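Biologist: I'm new to this one. Can you show me the structure and walk me through a few of its helices?

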Amino acid sequence: MLYGIAAAAATLLLSALLTGVLRVPALRLGITDRRRRRPLPLSGGTAVALATVLVAAGADAAGLLPLGAGVGRMAVAAGCVALLGLAADLRRLRWWVAPAGTAVAAAFVVPYEETGVAAGVAAVGWIVVATAAFRALDHADGLAGTVGAVGAFGAAACATAELMDGLAALLGVLAAALAGFLLHNWFPARAGLGAAGALFTGFVLASSAVFVRAGQGVGAGAAVLYALAAIGCADAALVVLGRRLDRRAVTRGRPDHIGHRLRRLGLAPRAVPVLLGAGSAGGALVAVCVHTGRLSPGAAWWVGAAAAVLVLVLVRRPVTPVFRPRQRVASASSQVSERLRVRSG
């Protein structure tokens, strides 16, 4: 217990420190995103991955928090996925590269001896889908970090119920790393998570859920896996449905994710991660209760119904910026000034 608390505290401080230190190198190397019309260094992804792996590996080597062979293999695979995400942050990759790399990594960590071949292949597919869905949550300040930390706590509770202390320790360290990152990512963000951190976090969460449910009932397992990833799944469904209705390519980026649409409803930037974090906490609570037998697997249908209502309410919301009257006047004035400047030049 004390070792776990000490490891979490060390991870939080290390993650916060690395996120701040790596901001300048990220800016110089061009590892940035565009938010509020200015570059946002994506130093948080490397910081979260490094802090999680270093503290977990160090505690395992010292014998304080033994991870076990399966969990250690998963941590190594997650590190490889983070490197793939870092490559995506450095330069634009084709849309299928990240899912393909994630599938290869997942194929090495799924416990086929407990799941069987058919269920193992399905688990690989789920890890790829859940990881990609979590990556898409990194579109608003504080959102991916909040949902990831809540999901890590939920998965850790399920692992603790199964006496998987090594897996629970890794998830606790990940939650602490995300908390340290959030010190820099809360609105207005000074650092972002990027593909490296989002793929790393999503992969660890999805793989951990598969580890916890391996060898148990399929129906309850599906309910637990979905409830833990409900917010990411809702965002993915919203994006796919919205783009298909607008007859746009699904793989083409656009500000039409769940956080963007909630902002169009008038929610404050800080309210978006709080609201979706609360929704993630509700899904995690249902997942833990289903996993421990306190609720039937059918409880996941309530989570799915709530997510469906959210998607249907938001899918027809406009995704283009809506200016206030003064902002419209200022924008029109700037356009006229720009035209006059061009003509005079």
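**Helices and their contacts**

Modeller: This is a predicted model. Start with H9: 17 of its 21 residues are buried, so the rest of the structure largely encloses this helix.

Biologist: OK, what are the values for H3 and H10?

Modeller: H3 is residues 43-61 and H10 is residues 194-213. Their axes come within 6 Å and cross at roughly 40 degrees. The two helices are therefore oblique to each other.

Biologist: Which residues make that contact?

Modeller: On H3, they are Gly45, Val48, Ala49, Thr52 and Val53. H10 brings Ala196, Gly197, Phe200 and Thr201.

Biologist: How many of those are nonpolar, polar or charged?

Modeller: The contact of H3 with H10 has five nonpolar and four polar residues, with no charged ones.

Biologist: And H5 with H10? What's the geometry there?

Modeller: H5 is residues 97-109. The axes of H5 and H10 come within 11 Å and cross at roughly 35 degrees.

Biologist: Left-handed or right-handed crossing?

Modeller: Right-handed, as H5 passes H10.

Biologist: Which residues meet?

Modeller: Ala98, Thr102, Ala105, Ala106 and Val109 of H5 meet Leu199, Phe203, Ser207 and Phe211 of H10. Seven residues of this H5 and H10 contact are nonpolar, two are polar and none is charged.

Definitions and conventions:
Residues are numbered from 1 along each chain as its sequence is written. This is a predicted model: local features need pLDDT of at least 70, side-chain atom pairs count only at pLDDT 80 or more; totals for chains, interfaces and linings use all residues. Side-chain values use heavy atoms; hydrogens and water are left out. Buried means under 20% relative accessible area, exposed over 50%, partly exposed in between (1.4 Å probe, protein chains only). Helices (H or I, at least four residues) and strands (E, at least two) are DSSP runs, numbered from the N terminus. Axes are lines fitted to C-alpha atoms, for helices over the stretch in contact, and angles run from 0 to 180 degrees between N-to-C directions. Angles under 35 degrees count as roughly parallel, over 145 as roughly antiparallel, 65 to 115 as roughly perpendicular and the rest as oblique. Contact means heavy atoms within 4.5 Å. Ala, Val, Leu, Ile, Met, Phe, Trp, Tyr, Cys and Pro count as nonpolar, Asp, Glu, Lys and Arg as charged, and the others, Gly among them, as polar. A crossing is left-handed if the near helix is turned anticlockwise from the far one by less than a right angle, and right-handed if clockwise.
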